[in-house]
Amino acid sequence: MLVSVMFWYMGMVPDMATFRDRAKTKLRAFIFGLLALGWRGSNRHWHRYEVAYILLAALATPLVLSVHSVVSFDFATSQIPGWHTTIFPPYFVAGAIFSGFAMVLTLLIPARQFFGLRDIVTMRHLEVMSKVLMATGLMVGFAYSTEFFMAWYSGNTTEWFVFRNRAFGPYAWAYWIMVSCNVLIPQIFWSKKMRTNLLVLWFASIVVNVGMWFERFVIIVSSLHRDYLPSAWGYFTPSWVDILTFAGSFGLFFTLFLLFVRYLPMVAMAEIKTVMPQAKVHHRVGTGDYRGDIPGRQGAGPDVTRCRELLKAGER
């Protein structure tokens, strides 16, 4: 969590300085001045910022694998049937990527529509994310089938009973909701028409989030409600404390998200500026490396025409 918070905060430091310089009250200027850490935009600041950002990114990437693998070991090293399986580490990593992309889409699509981010978050971005969602959904589905196969192939009667109980026992409704949401629904993204339909994409992302919650429910509850001793068997029913705690977690999350949207930059302005055509005006004509029309060719857009005018003015 510490690395994630540092990586998130580090990307906002240049933007905090922009907020500081444009603040209209002394209080806002003071707060954003503290958060900007004395940023002045000098070459030395940019150099150190980019090095630190790359180091944090390099550190955070393997943490995605290690953190979810370690969490899965808490289950895999136990003797509870349904948990004692070696497929849990890659299973949890694939599930984390799967649910993470779904959660980003759930938040990103409304933000794109309501906050005017259509030119920054394009349909191409959303379509690629839907492909990742479909691919990781197939990985998760493969993990589900592998669990069943290994429970049968191992010859362990207790293990085989637990997995049959998941699919056909008292909690079969939860298991098939999980399979439908995580494996079947994402397959609609084989169609380009579905991948480019915002309403379908947003609905599918919510369905995946629901399915991933049921995955945790199935792993924990269905493995514990019928273990080795029949005398310990039972049926779990959530209490009002469980329900209110669950509902409160939604309130806390969306409160923090809306506070972030209200007071902090939704999009990294400093990063967007570096890929804008205006950032390339120092390039020679015919060697532009940004997306769009190539300077020196017919049919150049208005940004390219402006670049030519600036270059000619500099030569004079």
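This is a predicted model: local features need pLDDT of at least 70, side-chain atom pairs count only at pLDDT 80 or more; totals for chains, interfaces and linings use all residues.

Me: Is Phe203 buried or exposed?
Reply: A residue counts as exposed when its relative accessible area is over 50%. Phe203 has a relative accessible area of 53%, so Phe203 is exposed.

Me: Is Glu215 buried or exposed?
Reply: Glu215 also lies in helix 10. The cut-off for buried is under 20% relative accessible area. Glu215 has 1% relative accessibility, so Glu215 counts as buried.

Me: Which residues does Glu215 touch, not counting residues up to four places away in sequence?
Reply: Here we leave out the neighbours up to four places away in sequence. What remains for Glu215 is Tyr91, Val140, Tyr144, Met178 and Asn182.

Me: At what angle do helix 5 and helix 10 pack?
Reply: Two packed helices are described by the angle and the distance between their axes. For helix 5 (residues 88-114) and helix 10, the axes are 9 Å apart. Their crossing is left-handed. By class, their contact has 16 nonpolar, 6 polar and 3 charged residues, and the packing angle is about 145°.

Me: Where is Leu37, and is it buried or exposed?
Reply: Leu37 is in the loop between helix 3 (26-36) and helix 4 (43-76). Although Leu37 is not a glycine, it has a positive phi of about 60°. Its relative accessible area is 60%, so Leu37 is exposed.

Methods: Residues are numbered from 1 along each chain as its sequence is written. Side-chain values use heavy atoms; hydrogens and water are left out. Axes are lines fitted to C-alpha atoms, for helices over the stretch in contact, and angles run from 0 to 180 degrees between N-to-C directions. Helices (H or I, at least four residues) and strands (E, at least two) are DSSP runs, numbered from the N terminus. A crossing is left-handed if the near helix is turned anticlockwise from the far one by less than a right angle, and right-handed if clockwise. Ala, Val, Leu, Ile, Met, Phe, Trp, Tyr, Cys and Pro count as nonpolar, Asp, Glu, Lys and Arg as charged, and the others, Gly among them, as polar. Buried means under 20% relative accessible area, exposed over 50%, partly exposed in between (1.4 Å probe, protein chains only). Contact means heavy atoms within 4.5 Å.
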